[in-house]
Amino acid sequence: MPISTPPPRVLGVAVPSPLRRLFDYRPAGAPPPGGWAPGLRVRVPFGRREVVGVVMECRERSELPLAELRPVAACLDAAPLPADWLWLCRFTARYYQHSLGDTLHQAMPVLLRQGRALEGRTRERWQLTAAGRDAPAETLSRAPRQAELLAMLAQHPHGLAAQAILAQSFSRDQLRALATKGLVASREEPLTARSRPDADQLLAEPALPLNREQATALAALHERLEAYHPCLLEGVTGSGKTEVYLQLIEAVVGRGRQALVLVPEIGLTPQTLARFRKRFRVPVVALHSGLTDHERLDAWEAAASGRAPIVIGTRSAIFTPLARPGAIIVDEEHDGSYKQQDGLRYHARDLAVARAHHHGIPLLLGSATPSLESLAKARSGEWRHLPLTRRATRHAPARLELIDLRGRPRQGGLIPPVLDAIRETLGAGHQVLVFINRRGFAPTLACHACGWLAECDACDARMTLHRQPPLLACHHCDRRRALPESCPQCGSIDLRPLGSGTERTEETLAGLFPKVPVHRIDRDSTRRRDAFEQALAEVGRGEPCLLVGTQMLAKGHHLPHVTLVVVVNADAGLYASDFRALEQSAQLLVQVAGRAGRAAHPGRVLVQTMHPDDPHLRLLAERGYAALAEQLLAERRAAALPPFRFLALLRLESAREEAAGELARRAAAALRGWLAERELAVECLGPVPAPMERRQGRYHLQVMLSAERRSALHEACAWLTAWLEAAPEARRTRWSLDIDPQTLS
């Protein structure tokens, strides 16, 4: 007789709370079919309300008397949530010094947080029975529509969904009549229900031929398909990185495994989905912020069950459970949008590294402009470096031409030689992309008489002038204000816009080229669902047009008819206080330049700048991103900055400046004292005001921790977190700890 394990007397439950601890409850009611186990969702009383938590420990004892423990209100699952997902959440909470309960809450779909079952929606599928397949033709001679329906189903051996049948003008009454006669039958199936086909049916269209560099990269990936194998695919824009992804996925899915593909922006998801679904016959599901709650749960469950061999998504998709993980691909791995900037401040790329290592599967990170962290790992040999130096087309990537802005008149931010180049390109029947990374009509509104500037009342920032609709808006706190009729300082009516934004450049170009369509693509113009995709579809027709856009256009979009790219102002990141600003500006310039000349015609890139002699900008223009990255790595090493040192940033904010400052000083002093006692090699710098000290009506300060060893940094962060949680004044000041910060703002 097998020995039965007695049920636990205490359940350690992680609840959605900022407190970094589990809460003890007593099991109640009938145990789940498999018994109590970590990973089961439970509904528990927490304070005056009930919340959905996750059982993380099953124990015999609690620090409190058992009689004082509150009972679990209900168990919501018959089986635990996926083990790989639980491991990833535990790792994330530990690494990013975050509450486990809040991490689990953020990592699961909304409907699971609300207590819904882990079940995807289903659909009804009808198909012929054995009697229906053998039925003589005259069986339905007196019911011609039923005969037509039977004949249609006979052409689909695996059946048809009810919606597809009804779309052909058949009715449910006809289906029920055939079912009553035993000729057809129905079954419920998940929306994502197609199982893996045979190997010769995997592809819906053949793979493209690879050039020598692509073939070499793919062969390197094939060498270790069953082991952790991190590779950096550094390929110039248009070099065919996506084809390498597709053929790697073909090998992975052919082995019965699943592939997870991360893309940086929701705008890239439809394009990537379309290409992947065109190539493969297997289900390809998406996970991104544009889905409804039901769609997200459907995709999550399809991935967790293994029915979806290919999962594509943005940052949060890294938390998608996989039944049979086979490979993880991170496209545009350098992109800053992989870092969550509030709440749980995780980096999806770094979690992809940890997850691939845990599962022992290949990891492929692709970019034309890799992050310095990834480049350092590749050049040290920790990761394999796979270069793609040639474009798939016969044209080499366009070089940056620096255009001196100094002392030249501008229209909508553009100078006459650049406007002439635009006119020439449009006359040749091609398209032009004008890149300006500023929304609105102008960066601010100014009084020409006294110099007054429209500033935000809640932030240390100027308000942006918009014309559609006319107003002043702060892009940091989203405050809006009507346009003043006169200067609030001196009363003058001579108010003028300063600088150019996408709206002003669009208006200028529409006036100069009235017969040419102008498409503005920024966050304001694409708020409507599918607006971005519709704009790109119009551009895809190939007719001469002008695209005016922000960095939404710079990331991975294939614009084959664009032969000229104009960067209105390249100086924004050259002299910023953030040590990563130059790296990020260079990446953005190279990425937007990569939209030019991707098809039959060569491209040209004009970069307007007030600093054409800046050594970093000139190095980028003359020798490319690789040379600039080499120099930046040397500068980072000399300055003891990432990737040669590890950072954490304590951010504090309060509506009262003195409250945030006092807590910051006390926390920094306490940490320095503890570090001295432990003789731990961690530097504590600050507190100092944040680059934008006042934002959204609150004062922001920072304390930076820096260490050569990651373990030492995490030990210090864990102590600091515990100190802050115990400090009474910390309850009145908002604070957060950012591990591996990507920005100091």
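Colleague: Which residues is Trp723 in contact with, leaving aside its neighbours within four places in sequence?

Modeller: Trp723 is in contact with Leu663, Arg666, Ala667 and Ala670. Contact means heavy atoms within 4.5 Å. Before we go on, this is a predicted model, so local features need pLDDT of at least 70 and side-chain atom pairs count only at pLDDT 80 or more, while totals for chains, interfaces and linings use all residues. Residues are numbered from 1 along each chain as its sequence is written, and side-chain values use heavy atoms, with hydrogens and water left out.

Colleague: OK. Where is the place of Trp723, and is it buried or exposed?

Modeller: Trp723 is in helix α21, residues 710-726. Helices (H or I, at least four residues) and strands (E, at least two) are DSSP runs, numbered from the N terminus. Trp723 counts as buried, at 18% relative accessibility. The cut-offs are under 20% relative accessible area for buried, over 50% for exposed and partly exposed in between, with a 1.4 Å probe and protein chains only.

Colleague: And how many residues apart are Trp723 and Leu671?

Modeller: They are 52 residues apart in sequence, and their C-alpha atoms are 8.7 Å apart in space.

Colleague: Switching to rings. How many aromatic pairs are there?

Modeller: Seven aromatic pairs, where rings of Phe, Tyr and Trp (its six-membered ring) pair if their centres lie within 6.5 Å; planes under 30 degrees apart are stacked, over 60 edge-to-face, and the rest tilted. One of them is Trp85 with Trp300, edge-to-face, at 5.7 Å centre to centre and 85 degrees between the planes. That pair links distant parts of the chain, with Trp85 in helix α1 (residues 83-95) and Trp300 in helix α11 (residues 293-305), 215 residues apart.

Colleague: What are the relative accessible areas of Trp85 and Trp300?

Modeller: Trp85 has 1% and is buried; Trp300 has 2% and is buried too. There is also a stacked pair, Phe91 with Tyr95, at 5.9 Å centre to centre and 15 degrees between the planes.

Colleague: Why are Phe91 and Tyr95 separated by about one helical turn?

Modeller: Because they are four residues apart in helix α1.

Colleague: What lies over the face of Phe23?

Modeller: Arg21, at 4.1 Å from the ring centre. The rule wants NZ of Lys or CZ of Arg within 6 Å of the ring centre and within 35 degrees of the ring normal.

Colleague: Now the open sheet of seven strands. What order do they have?

Modeller: The order is β11-β12-β10-β13-β14-β9-β15, with parallel pairing. The edge strands are β11 (284-287) and β15 (384-388), each pairing on one side only. Two strands pair if DSSP finds at least two bridges between them. Direction ignored, neighbouring strands are turned by 20 degrees against each other on average.

Colleague: What packs on the sheet?

Modeller: Helix α8 (residues 212-222) does, touching β9 (229-235), β14 (362-367) and β15, and its direction makes about 160 degrees with that of β15. Axes here are lines fitted to C-alpha atoms, for helices over the stretch in contact, and angles run from 0 to 180 degrees between N-to-C directions.

Colleague: Stay with β9. Why is β9 largely enclosed by the rest of the structure?

Modeller: Because seven of the seven residues of β9 are buried. His229, Cys231, Leu233 and Gly235 are on one side, Pro230, Leu232 and Glu234 on the other.

Colleague: How many bridges join β9 to β14?

Modeller: Six, and the two run parallel; Glu234 has Ser367 of β14 as its bridge partner. With β15, β9 pairs in the parallel sense over five bridges, and there Cys231 partners Arg384.

Colleague: Last one. Which residues does Leu233 touch, not counting residues up to four places away in sequence?

Modeller: Among them are Ala217, Tyr245, Leu364, Leu386 and Leu388. Leu233 is buried, with a relative accessible area of 0%.
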